[in-house]
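Please examine the structure below before reading on.

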Amino acid sequence: MLEIKNLHAEVEGQKILRGIDLTIRDGEVHAIMGPNGSGKSTLSYILAGKSDYEITEGEILFNGENLLEMEPDARAAAGVFLAFQYPIEIPGVGTMNFLKTAMNAQRKARGEPELTTPDFMRRVKEAAQTLKVSQDMLKRPLNVGFSGGEKKRMEILQMALLTPSLCVLDETDSGLDIDALRIVSEGVNALRSPERSFLVITHYQRLLDHIVPDVVHVMSKGRIVRTGGKELALELEAKGYADYVSEEAA
Amino acid sequence: MAEATRIRTKAEEALANHFAALASDDAAAEIRNAAFDAFLEKGLPHRRVEDWKYTDLRALVRDVPAPAQPAAFDASRDALARADVFAPLAPARIVFVNGFFVPSLSDTKGIEGDVEFVSLNRFLADGGSFLSRSQLDASESPILALNGAFVRDGAALRIREDAKVARPLEIVSVFAGSEPGLQTMRHQVMVGKGAEVTILQTFSGPDGVAYHTNVVSEVQVEAQAVVRWIVAQEEGDCAIHLNLLVPRLADDVTFDPFTLASGSLVSRNEVRLSFDAEGSSASLRGATVAKGKQLIDNTLVVDHAVPNCASREQFNSAIDGEAHGVFQGKIIVRKHAQKTDGKMMSRALLLSEEAEFANKPELEIFADDVVCGHGATCGQIDEEMLFFLRSRGLDKREAERLLIQAFLSEVVAEIGDEAVAECLDERIRRALGAPASVTVGEAT
């Protein structure tokens, strides 16, 4: 599904990623953990196509295609989805209008017919129920006046509706209380399938209690410094990141 | 009469010739002469006149066509078909074509009990005394001076005291024909005490025809009345559009004008509003979509002459291509106008390298116990929002259009009437070049 090879990236001359290698196969859930500033969010933005970063070395293949040459909307149509750490408020854009526009834009890019209104409404209603997204939230402008938890639920709602094949979750757990974390995790788990892969970026292990990963990577100073099974997350929770930070500094 | 030596530009010369050609037996000739003299005194305003600094009519108006003639019925009806902004509201309509009232295309059924209407040309035939009653000084406004000189028709409306006019009333102005012409209208509206009414004002005309529209609306609003005044300016792309709205508010009035401006080559949408008695509020809002070589100017003068009134000004503009946008907002708070509450905001989105916007807030405050604020911004589309939308699959153009639409709709929503807002949003979508929505099965 995804192959990242020796990826180096910088922003305004500052090196952020210093050689990332990562392969995610169909249906796998990978977690990336690491201290603040290790480059986790940068990696997620680069996958989604944000233009603020300069790729100085390496490549990313998505189902064999060169992802770095694709525009953000082409990546979305091809199946890449980023759940933002800080979902953006867009005043004046109604949530329903946005959802319909996004779903149809991707369908159009893939040469599929537009959704009929009843079909669209049915899909939204189903997904909204699962994620406890209220009618009121759907009526408001996108993310405007939403609580932190509501915004994260709205991200997962979009993920459910857009049915991507690669879901990148950037600190989806941040700002969530226990109940919201459970709702969001259940929403994510419901989407797990042999054809869909996940890259879950998190600072804390608690999200991984709910979304159990196949592989855990530790990232520090722009590199993956350790890879292991789900037990690695527990070890990190117990010991913290101090080892990795000092190891890098040494 | 002013001497011919005062005439300086081709357009001014054309105006003088057209004026000289007007019928000399016009009953209102004396008033027209005075108005045209007032115009000649200063000529077309130019950049050295502070109020017209960014809309230099002397440079922008190359020529002025002769006064338009009434159009044939079929041409009028066809031209009217385009003026369908508010069709979903099924408003009562008073229709002017080329500046002349056309009864057969108008429809005032169901509002006769609440609204008295007469076409102004009847008064013109009686000597046009209403022209001189105007409280504005023609020497202060070239729009008004030219209007007085060339006016042919208009609507005199009286909204009955305490009338709650459920059906909106639309004053439609369309230009018909492929030959340029000058259409000049004067509307006089009296809203009775405690009345509630929505007045819509629509302008449209053919692309490619360099016609001119000059319209002055004087509105007297009596105590406790509630008025929404919604303008949709969709003139043809070569038109010159000069619009002056002059509301005077008695006590405890709510008067909310809104202007959607997307048409014409050059347009000036000017509001000069005075609070004459206490306790009133006015919210002046507008959305502007300019592209190509358009210039769209929104100029406001809000005069707080008495205490305890509130005014809000909120204008959002999206400027693309080589277009220019102008916002001038003057709030005057006179010495005795204590407890005035004024807030003004003008925001512009510049969508191309060549787009320009002039933002000029002017606060003249002579009272000491007031709350007045203003803000003015010029910026580009928010990159973070754009990236977010694109990451969800919207291509760049569609994402931009959605964000521009959102930016403009924000002001439209403030109108507080969903049905009206929907009509305007639809036109904004169209002005931004959104593809017509096609339902399944319709496309072949």
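Two strands are said to pair if DSSP finds at least two bridges between them. The model discussed here is predicted.

## The sheet of chain B

In chain B, 10 strands form an open sheet with mixed pairing, in the order β2-β1-β5-β7-β9-β11-β13-β15-β17-β19. Its edge strands are β2 (100-101) and β19 (371-379) of chain B, each of which pairs on one side only.

Strand β1 of chain B, covering residues 92-97, is joined to β2(B) by two bridges, and these strands run antiparallel. Val97(B) has Phe100(B), in β2(B), as its bridge partner.

## A covered helix in chain A

Helix α1 of chain A comprises residues 40-48 and is mostly covered, since eight of its nine residues are buried. Among the buried residues are Lys40(A), Tyr45(A) and Ala48(A). After α1(A) comes Gly49(A), which has a positive phi, near 105 degrees.

## A positive patch on chain A

On the surface, Lys15(A), Arg18(A), Lys221(A) and Arg223(A) gather in a patch of positive charge. Arg18(A) lies in strand β2 of chain A, residues 14-24. A residue needs over 30% relative accessible area and no salt bridge to belong to a patch. Arg18(A) is partly exposed, and its relative accessible area is 35%, so the area requirement is met.

## Salt bridges

Over all chains, a search of the whole structure finds 50 salt bridges. One of them connects Glu89(A) and Lys151(A), whose closest N and O atoms are 3.1 Å apart. This pair links distant parts of the chain: Glu89(A) is in the loop between β6 (80-83) and α3 (95-109) of chain A, while Lys151(A) is in helix α6 (residues 148-162) of chain A, 62 residues apart. Glu89(A) is partly exposed at 33% relative accessible area, whereas Lys151(A) counts as buried at 16%.

In chain B, a salt bridge joins the side chains of Arg272(B) and Glu140(B), at 3.6 Å from N to O. Arg272(B) belongs to strand β12 (residues 266-275) of chain B, and Glu140(B) to the loop between α6 (129-133) and α7 (142-150) of chain B; the two are 132 residues apart. With 12% relative accessibility, Arg272(B) counts as buried, while Glu140(B), with 44%, counts as partly exposed. Another salt bridge is formed by Asp276(B) and Arg248(B), with the closest N and O atoms 2.9 Å apart. Salt bridges that share partners also join Asp51(B), Glu140(B), Arg268(B), Glu270(B), Arg272(B) and Asp297(B) into one network.

Note on methods: Residues numbered from 1 in each chain as written. Chains lettered and ligands numbered in written order. Predicted model: local features only at pLDDT ≥ 70, side-chain atom pairs only at ≥ 80, totals over all residues. Heavy atoms only, no water. Patch = residues over 30% accessible without salt bridge, like charges linked within 9 Å, V, L, I, M, F, W, Y side chains within 5 Å. Areas by Shrake-Rupley, 256 points an atom, 1.4 Å probe, with all protein chains shown as cover. Salt bridge = Lys/Arg side-chain N within 4 Å of Asp/Glu carboxyl O. Lys, Arg positive; Asp, Glu negative; His and termini not counted. Charge placed at Lys NZ, Arg CZ, Asp CG, Glu CD. Helix = DSSP H or I, 4+ residues; strand = E, 2+ residues; numbered from the N terminus. Buried < 20%, exposed > 50% of the residue type's maximum accessible area, 1.4 Å probe, protein only.
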